[in-house]
Amino acid sequence: MAAPVTVVLVDDHLTVRAGTRALLEPEGFVVVGEAAAEQEAVDVVRTSRPDLLVLDMVLDSGPVLSAIPALLAAAPNTGILVHSMHEDAALVRGALSAGASGYLSKNTSVPELVLAARTVAAGGSYVQPPLGADNAHVPVPPQAMTSREEQVLALLADGHTNREVAAHLTLSVRTVESIRAALRNRLGLVTRADLVAHARSTGLTPGSHGSHGSHGSHG
């Protein structure tokens, strides 16, 4: 059985943190800390080193973009998922540029919240597809794939099943499924032909996965 995913929740509303906890914990996540302010968040993640930080975009002290580098410095292997009421593409761009790995609206569905949380915790990236669609004048830059996503893509394009990829990379099958779903949602990679074509276009030709080292997920 896969190890639980550890999470820290940062939001200045106690009821929001409680609600997010109630949604994530039945899905295999364990909340190991909470914070309502920037410095408190830095202290909590430095101590707990969670797999995932779910971060509100705006706290009482203002936007948290400037805090993201400090949070990453405190826990470099923690994936940051911004979970915000604000759906402006400029904020999405700012959060990703600052070092966040994902951006999700608080108006999203529970399954998408779980998918985004699993993907970011596993080392992938996730941006809710509609975000930025109504703000074409402020485009969200394309996201580079993480090394973990490249590993998964190369193996899938080489014909391996989700289970074989999981065994090769020392991941759970659920984690591989989450990364594959994120690639599908973000890049439109649905069929095996899509995977192979994208792997070739990015230099990850089938068979090239041997250059990637096998290692477990962080945390």
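Which residue of E2 stands opposite Thr 6? Val 30 does. The views below come from a predicted model, where local features need pLDDT of at least 70, side-chain atom pairs count only at pLDDT 80 or more, and totals for chains, interfaces and linings use all residues. Residues are numbered from 1 along each chain as its sequence is written, and side-chain values use heavy atoms, with hydrogens and water left out.

**View 1. The open sheet, strand by strand.** Six strands line up as E2-E1-E3-E6-E7-E8, with parallel pairing. Strands (E, at least two residues) and helices (H or I, at least four) are DSSP runs numbered from the N terminus; two strands pair if DSSP finds at least two bridges between them. E2 (29-35) and E8 (126-127) sit at the edges with a single partner strand each, so one side of each has no neighbour in the sheet.

View 2. E1 and E2 run parallel, joined by 6 bridges. Over at E8, 2 bridges tie it to E7 (residues 102-105), also parallel, and Gly 102 stands opposite Tyr 126.

**View 3. A β-α-β unit.** E1, H1 and E2 make a right-handed one: with the strands pointing away from the viewer, the path from the first strand over the helix to the second runs clockwise.

**View 4. The cavity lining.** Among the residues lining the largest cavity are Leu 9, Val 16, Asp 56, His 83 and Lys 106. On a 1 Å grid over the protein atoms alone, a cavity is a set of points where a 1.4 Å probe fits but cannot get out, and lining residues have an atom within 4 Å of a point. H1 gives the largest share of this lining, 3 residues.

Methods. On a 1 Å grid over the protein atoms alone, a cavity is a set of points where a 1.4 Å probe fits but cannot get out, and a pocket is an open set with protein on both sides within 12 Å along at least five of seven lines; lining residues have an atom within 4 Å of a point.
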